[in-house]
Amino acid sequence: MFDIAIIGAGVEGSAIARRISRYKLKVCLIEKQDDVSCGASKANSGIVHGGYDDEPGTLKAKLCVKGNRMYDKLNKELNFGYRETGSLVIAFSDDEKRHLEELYENGLKNGVGGMKIIEGERVRQMEPYVSKDVKWALYCKDSGVCSPYEFTIALAENAVENGVDLKLENEVIGINRKEGYFEIVTNKERIECKYIINAAGAYSDKVSNMVGLNYFHIIPRKGEYVLFNKDQSYLVNSVIFQVPTEKGKGILVTTTYHGNLMIGPNAQEVSDREDVTTNEETLDYIVETARRSVKGFDMKKAITSFAGVRPTNNTKDFIIEETEVKGFINVAGIDSPGLTSSPAIAEKVVNILSNMGVKLEEKKDFNPYRKPIIVKKDEKFKGDINAEEPEKHIICRCEKVTEAEIIDALNRPVKTMSIDGIKRRTRAGMGMCQGAFCGSRVRKLIAKELDIPEEQVKQRGPGSSILPKRVNRIDVMKIKK
Ligand SMILES: Cc1cc2nc3c(=O)[nH]c(=O)nc-3n(C[C@H](O)[C@H](O)[C@H](O)COP(=O)(O)OP(=O)(O)OC[C@H]3O[C@@H](n4cnc5c(N)ncnc54)[C@H](O)[C@@H]3O)c2cc1C
């Protein structure tokens, strides 16, 4: 019998698990994928928002500002990669300046500090490559960028280190309400627990329905991006937004935590919650809109496109509450700024649990620290693709990822066996060649380290081995001969 079962290991479920792992409670984190951070928490802008554009009084407004202020300390503890960059919302006309003033007022009401409205000339001093047509901007000092999947992985690793039982490849398919407890039915097992926290992202309405709660629904909203090579990052120092629209914060131009230029996202309602395809028309729109902010990026330096699906709900605010089903808490429909808010959401959930009578007794041996996987290399670093020592042996040339880093990633508390899992933890395959050079080397290393045949190494998730395709190609070549 677990005290608490958390359903969904995105950033919300993982932040909650890590926050609760400091108490003497038996906790499990249940995830249907083969790794944590496989939903919205994997594919988003990675912006730690200042909190000026959420409607005052909403949970979004309160938790975004609070969450933002928790990042610095969290990064010191968990080493996931966070940098305060500041942000600019740019305006091209006096009419748009009025929006900036509204945002500024909103920000003050929400308790955001470090904001000011600045003139175009000052904007161009800060951002020399921003469009000459920019007349005004709202500057917010407190915004930043983080690596969202590394953050989620770090939270989950630290939660497991502190005793949380992570159950991967466990899809919740039903929940039975029993006398004073729940029985969660997954594709693999039956799990008994006293409390359930539903953090199932785009499926949080479906999980809520499993206990008979139908009071909200998810409207999946896709956002697409284009990612550029690091040599384009000279174009932007901070995060550059345009004036927001009804649908959200609009197309931004930023440099990611690891130094790639990134543009996007749009906001398109989709019927399929798994729809992470990108399409040419949308990417054209994103490129065209981003060029209004910063003209100079080179499309020949685009590395890849990707998309994420926001778990937007129909109430226009986060749903974080004890429900009428005793013991069942919804942390549901958490769209933007859910990444920023996640540490504050976790704290709110602890308060809810406390109000519900859960005894929160601190563990003496709680360890808040987690070492980074990616080691920043200085200019003196002499790696080599043929080096003997794992610390010097380069596996991924583009991102200078060493064998030692990949071995470290494979031996962490959250086990990954897939090439994509290694990519998210080490950046092997994230560079210009997108894994063309290192993909097979990573696969070999995973097989060797885990002592499994190469064909058992997956690209991502069950049934995604990439080896059969290679075998087919070889067969075809043989036929031609
Ligand atoms: C395009 C885009 C841009 C964004 N930009 C930002 C930003 O810049 N800053 C910001 O603060 N926020 C941003 N967000 C919002 C942020 O990404 C989300 O709020 C956050 O990731 C939601 O986390 P989650 O844990 O609720 O959902 P998810 O990450 O989707 O996690 C839910 C998990 O539940 C699992 N699950 C679902 N059903 C089941 C089941 N039946 N059994 C077991 N497991 C299940 C899923 O596999 C998934 O891993 C953005 C979102 C998107 C999509």
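**Salt bridges across the chain**

Reply: Glutamate 84 is partly exposed, at 44% relative accessible area. Keep in mind that this is a predicted model. Glutamate 84 forms a salt bridge with lysine 141, 3.6 Å from N to O. The two partners lie 57 residues apart: glutamate 84 in strand 4 (residues 82-84), lysine 141 in the loop between strand 7 (136-140) and strand 8 (144-146). Lysine 141 is partly exposed too, with 40% relative accessibility.

Now the pair of glutamate 157 and arginine 370. Their closest N and O atoms are 2.8 Å apart. Glutamate 157 sits in helix 6 (residues 148-161). Arginine 370 sits in the loop between helix 9 (338-355) and strand 21 (394-396), 213 residues away. Shared partners join Glu157, Arg370, Asp408 and Arg412 into one network of salt bridges. Glutamate 157 is buried, because its relative accessibility is 1% and the cut-off is under 20%. Arginine 370 is buried as well, at 9%.

Aspartate 3 is buried at 18% relative accessibility, whereas lysine 194 is partly exposed at 38%.

These pairs are among the 33 salt bridges counted in the model.

Conventions. Residues are numbered from 1 along each chain as its sequence is written. This is a predicted model: local features need pLDDT of at least 70, side-chain atom pairs count only at pLDDT 80 or more; totals for chains, interfaces and linings use all residues. Side-chain values use heavy atoms; hydrogens and water are left out. A salt bridge is a side-chain nitrogen of Lys or Arg within 4 Å of a carboxyl oxygen of Asp or Glu. Buried means under 20% relative accessible area, exposed over 50%, partly exposed in between (1.4 Å probe, protein chains only). Helices (H or I, at least four residues) and strands (E, at least two) are DSSP runs, numbered from the N terminus.
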